[in-house]
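Open the model in your viewer and keep the sequence panel at hand. We will go from stop to stop, selecting as we go.

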Amino acid sequence: MAAHRKPRPAPLGRPAARTAATLALASAATATLFEGSGHADPTGPRRTPAQVRTEVDRLYQEAEVATERYNGAKERADAARVSYDRLRDEAARRTERLNTARQSLGAVAAAQYRSGGLDPALQLALTADPDDYLERAALAQKAGDRQAAAVTAVRREIAGLAQLRAESADRLTALRGHEAELRRQKATVLDKLAAARRLLARLTAEERARYEAAVAARATPTTPATAGTSGTAAGGGAAARADRSSGARGTGAGSGATPASASAPATGRASAALSFARAQLGKPYVWGATGPSAYDCSGLTQAAWRAAGVSLPRTTYTQINAGRRVSRSELAPGDLVFFYSGISHVGLYIGGGQMIHAPRPGAPVRIAPIDEMPFAGATRVA
């Protein structure tokens, strides 16, 4: 009988207790998870204002690197689009010529069909006027030669059209690749700028005011009236002292003496480029912009030299090769000055250790000391 006894069910209290405990733990974990998610700081632990400034500077610099890559991708995409449109237009013209040639051949073939296409010897035997036949035969021979030439032309158009279509397909593939690169670089720029904004949003009003004051202390006044008309901007020395007191960065290469040629006034095209740049002081920085209402760094230098009749490429890393390289000690007004190891920033040298440049979002076109960033090189355009 014992062998057939049903197992006794476990006491109800113990599993229920375990279940309740499990649910309680799960609820607590879930609550902790959502509480942590709801209050998570995407920028990490609390930073001091100095740390925020360092991190924001880094993010802006990385955004500028991505901006120049975006500019380069856009330049390549624009060129690919122009080339693709040109090939497509040429293919349309050739298609029209091919259709015209085919219609002409069709008309000749139809005429031959209507004439019966008799053998020439039979036509000669049947004609009542052999001389007239021979004259018409000579004309027919010429027509045949023209027809053969037309056939050759049609074949040539078909081959050329096939080649054009293949080239168009290649250009379209390249265009789509450049457009994809544009989207990637745009996403990178926006991500870096958003991260910088999140960091700045964590500052208190007082900390934000100190941060903005420190950033503003790097530059001289930004109005044309205070920018000066010679190679050296008014107030440059005071701005440089303010920059040093606010902890602006410098390198061994960038901390040398002011070039002896810095005080020489700009002349010729350099003067025209500087005049244009001074007229842009105070306009906002917008990444990817080339004017006239906003600029990024290479967009400003490109526009300034365009106003002087010189065509510069679009990006910093191509502009540095657009003229003759000069050393820091040789700098003269109008020279392009470049910064960071990746050549990701450019300004227009005005003399006295100062430049006009478009710094970054939130900082308008202004005059600033070239010691404010790691100096990477300089180029004399004209």
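In which helix is the place of Gln61? Select Gln61 and you land in helix 2. The model is a predicted one, so judge each stop with its confidence in mind. At 19% relative accessibility, Gln61 counts as buried, because the cut-off is under 20%. Show its contacts, leaving aside neighbours within four places in sequence: they are Tyr340 and Ser344.

**Follow the contact to Tyr340**

Select Tyr340 next, in the loop between strand 2 and strand 3. Tyr340 is buried, with a relative accessible area of 15%. Check its backbone too: phi is near 75 degrees, a positive value in a residue other than glycine. Now pick Ile343, found in the loop between strand 2 and strand 3. Ile343 also has a positive phi, of about 50 degrees, although it is not a glycine. Its relative accessible area is 16%, and Ile343 is buried.

Switch to a cartoon view. Six strands form an open sheet in the order 1-6-2-3-4-5, with antiparallel pairing. Strand 1 (324–326) and strand 5 (366–369) stand at the edges; each has a single partner strand, so one side of each is left without a neighbour in the sheet. On average, neighbouring strands here are turned by 40 degrees against each other, direction ignored.

Zoom in on strand 3 (residues 345–351) and strand 4 (residues 354–357). They pair in the antiparallel sense over three bridges. Which residue of strand 4 is the bridge partner of Leu348? Select Ile356 to see it.

Select residues 297–307, which make up helix 9. Helix 9 lies across strand 2 (336–339), strand 3 and strand 4, running at about 45 degrees to strand 3. Is this helix mostly covered or mostly open? Mostly covered: nine of its 11 residues are buried. Among them are Cys297, Leu300, Thr301, Ala304 and Trp305. Step past the end of the helix to Gly309, where phi is positive, near 90 degrees. Then go back to Pro292, in the loop between helix 8 and helix 9. The peptide bond from Gly291 to Pro292 is cis, with omega near 0 degrees.

**Go into the core**

Show side chains. The largest nonpolar core has 49 residues. Those with the most contacts inside it are Val56, Trp305, Leu336, Leu348 and Ile356. Helix 2 (49–114), helix 4 (130–201), helix 5 (205–216), helix 8 (268–279), helix 9, strand 2 and strand 3 each give two or more residues to this core. Helix 2 gives the most, with 10 residues.

Centre on Leu348. Not counting residues up to four places away in sequence, Leu348 touches Ala273, Leu274 and Ala277, as well as Thr301, Ala304, Trp305, Leu336 and Ile356, among others.

**Finish with confidence**

Colour by pLDDT. The protein averages 74, and 62% of the residues score at least 70. Where is confidence lowest, and where is it highest? Helix 7 (residues 236–245) is lowest, at a mean of 36, and strand 2 is highest, at 98. Last, select two stretches where pLDDT stays under 50. Over residues 9–43, the model has five contacts beyond four places in sequence. Over residues 221–258, the model has 77 such contacts.

Note on methods: Residues numbered from 1 in each chain as written. Predicted model: local features only at pLDDT ≥ 70, side-chain atom pairs only at ≥ 80, totals over all residues. Heavy atoms only, no water. Pairing = 2+ DSSP bridges. Helix = DSSP H or I, 4+ residues; strand = E, 2+ residues; numbered from the N terminus. Axes fitted to C-alpha atoms, helices over the stretch in contact; angles between N-to-C directions. Contact = heavy atoms within 4.5 Å. Core = buried A, V, L, I, M, F, W, Y, C linked by side-chain atoms within 4.5 Å. Buried < 20%, exposed > 50% of the residue type's maximum accessible area, 1.4 Å probe, protein only. pLDDT = per-residue confidence, 0-100.
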